[in-house]
Amino acid sequence: MAEEFMVVKDLYKSFKDLKAVNGVSFSIYKGEIFGLLGPNGAGKTTTIRMLSTVLEADKGEIIIGGHSVKKDAEAVRSIIGVCPQDLALYEDLSALDNMVFFGRMAGMEGKEAKAQAMENLKLMGLEGRAKGKVGKFSGGMKRRINLAIALMGSPQLLFLDEPTVGIDPQSRNHIFENIQGLQKKGLTILYTTHYMEEADRLCNRIAIMDGGQIIALDTSYNLKKQIGSPEKVTLEDVFLKLTGRSLRD
Ligand SMILES: Nc1ncnc2c1ncn2[C@@H]1O[C@H](COP(=O)(O)OP(=O)(O)OP(=O)(O)O)[C@@H](O)[C@H]1O
Ligand SMILES: [Mg+2]
């Protein structure tokens, strides 16, 4: 039986009358890539914000690596990394300085932060651009820096909220390979995307979210099997059938 690294029970969050997350429960196994898919406004980012201790849940329990988000957010923060949907970068700073800044914010010594920053830049294939100003980078490079920052502090669990949105296929492929590499290194990953083929290739299991609830959760193969022959049906077909909507904007 696989070990559960994160357990989420009965999670709720409303913004005034809007039930953004409306009773969500699921677990992520250690070392798996777990896909969270859903149309715009489904509640994916709100869920990730609660899991990553940024937003307080109205109700529910979240345990990550044995620590309760409610009771010991500090311990949770020390083992997670977050790659937010909206880029969080200082355009005027170099790639290296951006990373050192976030490392220092996470409590690292300058020297340690710099060493880790270089290591993570290398992992993303950007070590040659360490001194370059982020403002001058392409969209794909910015996304890779965003991901490299999430790796500062050597997290065990990564939250990747649409890490490949709005970039060209080549950069997407690059990030895709980076994510596979991180899984090989033993990281557990929660991943959201609007690209169905990506999710299909990358994720060990997939949850489909709509209207603040998880409406299906299984391997891609089993999800496809629910509606037809898994060899012929695509994940996009499953998604359309279940939500009545296309994933893309
Ligand atoms: N801070 C907030 N205040 C008010 N409403 C919010 C807030 N954050 C999110 N919402 C609303 O909650 C719902 C869920 O939003 P959320 O960002 O979680 O969706 P999402 O699944 O991440 O969508 P997308 O695919 O567009 O990123 C949406 O209707 C959104 O407008
Ligand atoms: Mg979102």
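Predicted model: local features only at pLDDT ≥ 70, side-chain atom pairs only at ≥ 80, totals over all residues.

Me: How much space lies in the largest pocket?
Reply: About 890 Å³. A pocket here is an open set of points on a 1 Å grid over the protein atoms alone where a 1.4 Å probe fits, with protein on both sides within 12 Å along at least five of seven lines; lining residues have an atom within 4 Å of a point. The volume is the space filled by probe spheres set on the points, which are joined across faces, edges and corners.

Me: Which residues lie nearest its centre?
Reply: Arg 77, Ile 80, Gly 81, Val 82 and Ala 106, out of 29 lining residues.

Me: And which element gives the largest share of that lining?
Reply: β6, with four residues. At least two residues each come from α1 (44-51), α2 (73-77), β6 (80-83), α3 (95-105) and α5 (139-150). Helices (H or I, at least four residues) and strands (E, at least two) are DSSP runs numbered from the N terminus.

Me: Why does the largest pocket lie between the domains?
Reply: Because domain 1 (1-79 + 155-249) and domain 2 (89-154) both give residues to its lining. The domain bounds come from an automatic or database domain assignment.

Me: OK, the second largest pocket. How much space?
Reply: About 230 Å³. It is lined by 14 residues, and Glu 56, Ala 57, Ile 62, Val 69 and Lys 70 are the closest to its centre. β4 (59-64) and α2 each give two or more residues to that lining, with the largest share, three residues, from β4.

Me: Switching to ligand 1. How many residues surround it?
Reply: 14, each with a heavy atom within 4 Å of the ligand. The closest are Asn 40, Gly 41, Lys 44, Thr 45 and Thr 46.

Me: What polar contacts does ligand 1 have?
Reply: Polar contacts are pairs of N or O atoms within 3.5 Å. Among them, a ligand oxygen is 2.7 Å from a side-chain N or O atom of Lys 44, one is 2.8 Å from a side-chain N or O atom of Thr 45, and one is 2.9 Å from a polar backbone atom of Gly 41.

Me: Which element gives the largest share of the shell around ligand 1?
Reply: α1, with three residues.

Methods. Residues numbered from 1 in each chain as written. Chains lettered and ligands numbered in written order. Heavy atoms only, no water. Polar contact = N/O pair within 3.5 Å; in protein donor to acceptor, adjacent residues only side chain to side chain.
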